[in-house]
Amino acid sequence: MIIAVASGKGGTGKTTVSVNLARVARQSVQLLDCDVEEPNAHLFLTGELKAREEVRVPVPEADETLCDGCGECSSFCRYRSLAVIDKSVLTFPELCHGCGGCIRVCPKGALSEKGHRIGVIETFQTGHVSLVHGCLDVGVAMAPPLIRAVKSRIRKGCISILDAPPGTSCPVVTTIRDADVVVLVTEPTPFGLHDLKLAVDMVGELKITCGVVINRVDAGDGRVHAFCRDRGIPILLEIPDDRQIAESYSRGMLIVDALPEYRPRFEELLARVTELSTNERKESHAYL
Amino acid sequence: MRTDVKTKDSRPREIVVISGKGGTGKTSLAASLAVLAGNAVIADCDVDAADLHLILKPRVLKQDEFRSGNLAVIRHDDCTGCGLCRELCRFDAVRVSGEEPGQSTYRIDPVACEGCGVCVRFCPAHAIDFPEQTCGSWMVSQTRCGPMVHAQLGIAAENSGKLVTLVRQEARRIATESGYPLVIVDGPPGIGCPVIASLSGASVMLAVTEPTVSGEHDLERVLALARHFGVQACVCVNKWDLNPEMTEQIERHAKESGALTLGRIRYDKSVTRAQISELSVVEIESQAGMDIREIWKQLNL
């Protein structure tokens, strides 16, 4: 079962929900931090480092002795990652998406691929939780290839929790694609509601079932509740605006450890998410 | 009264409000700065979850489509089902149904397609079209504190970095042509392509963080990004009293890395109250508003 935890608006509590969900699971669980631009899960769930691997994307490299500067490659590339100046090729690896097109179009066979480092993936083990931590190098623009590399570590047959980046654009879509269920974390404020609507539309576009967690529930107004009711989206958990939660979060502590009275609520959240995902699978089987 | 003489450098200054971590108060702060400035051009560069319009209530004067990139589409009637497109696609965007060779139906998943054009170029039957995409829209508006350029990225659309670049260029153009001295940019969270597009070439970056382990970690990466692009960084800690020791630690590290610390904003529930009333924090009576006024003074723009 793949559970993605996402939100339109940032700072609503995605990581809080992800790490606490992982902690209360009674079986082996994977937590994959797909917010590779600003990964935070490791600040809450540290553990023994099991593996570390650099992630590279294939970018073109020109053999100057073969290149005659014809410009086929640069006119093919949609991302302007090659330019021909004075009969020789300049490459801009930071713009390259790694499609491999330039290599195929080069009539002289002058281009080959080399790896260009974009970040690292580290795997930690703490109790029953295996944390896969993707971290983009500073200055690298494109997160999706690293997110795909993190997701390639998903193991079948266990619970995999994906901590998504904020927003609704390519890094988020790359993360939640193929998830069985998406948990959208929001807060009951105008910004929270506005960005929740965008996130619900995005999840709808990808045809994934979703439920909502409302954080700091007494801090705002009732419009998020009304929206969920109107759209028939289940509210899976409400977390109160409790200064103790904020303070324990600030120190990197899990809610279920610092404030054990909240543990049953996260256990129930996991149960409800599992139920949503099971129903979803039954329904999609009915269509086949 | 004398008219202002243009100085030798008449280009408008550009301040980018950014945070690394989401939800630390970028938009609340950017809206407040816009109100305090009174005559700045405002650019909302958080194009995939834009919220500034909820406070500044822009009246749209001009709206345009944002067209960028292309998407591969297979014409079923011409497809021979050879499967080469699927073999060549690096983004796992070609989906197939049916098992028998020659009987299979191929289609491109529009969400996964990166618009590279490899399948289009190499399809032996020339059965793949490559139409240009509309990825959203962008607007020039009027607000109570100056012109505003903002945008809306399409659902699950790509090219947010290019849309950010477009919004910023337009804001700078308006500022230069109409003589506004300042552009205020509300940036996106993270450190990836839309953030780089918001930051590169700006006069100053104001990073808003919070005194938490995540806030501290994410700020470090944003400060590294500012150094990478040679942009002067300033830091302010929001909700600082949630963890005073952490606030001090963050400010110390920020100074060590060459950033200026501009001030602190206390935890104040009126920030949410202002948002619900569709006002900026400095437009209601609040202690957080006083803190923001102090930061504005320190910025000295």
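Is R80(A) buried or exposed? In this predicted model, R80(A) is exposed, with 10 other C-beta atoms within 10 Å; a residue is termed buried if 20 or more other C-beta atoms lie within 10 Å of its own, exposed if 12 or fewer, and partly exposed in between, with C-beta atoms placed from the backbone. Residues are numbered from 1 along each chain as its sequence is written, while chains are lettered from A and ligands numbered from 1 in the order in which they are written. Because the model is predicted, local features need pLDDT of at least 70 and side-chain atom pairs count only at pLDDT 80 or more, whereas totals for chains, interfaces and linings use all residues.

R80(A) is placed in the loop between α2 (72-76) and β4 (82-85) of chain A, where helices (H or I, at least four residues) and strands (E, at least two) are DSSP runs numbered from the N terminus. The phi angle of R80(A) is near 55 degrees, a positive value in a residue other than glycine. A positive phi, near 50 degrees, is also found for the non-glycine residue D86(A), which lies in the loop between β4 and β5 (88-91) of chain A. D86(A) is exposed, having 6 other C-beta atoms within 10 Å.

Chain A comprises 10 helices and 11 strands, and its C-alpha atoms fill a box of roughly 70 × 45 × 40 Å along the principal axes. Of its 288 residues, 50% count as buried. Among contacts in chain A with a separation of 6 or more, 74% are between residues 24 or more positions apart; two residues are in contact if their C-beta atoms, placed from the backbone, lie within 7 Å.

Helix α4 (residues 144-151) of chain A is largely enclosed by the rest of the structure, because seven of its eight residues are buried. These are P144(A), P145(A), L146(A), I147(A), A149(A), V150(A) and K151(A). They pack against β2 (29-33), β3 (48-62), β6 (111-126), β7 (129-136) and α5 (170-176) of chain A.

The contact between the chains takes 49 residues from chain B and 53 residues from chain A. On the side of chain B that touches chain A, α7(B) gives the most, with eight residues. By class, this side has 22 nonpolar, 18 polar and nine charged residues; Ala, Val, Leu, Ile, Met, Phe, Trp, Tyr, Cys and Pro count as nonpolar, Asp, Glu, Lys and Arg as charged, and the others, Gly among them, as polar.
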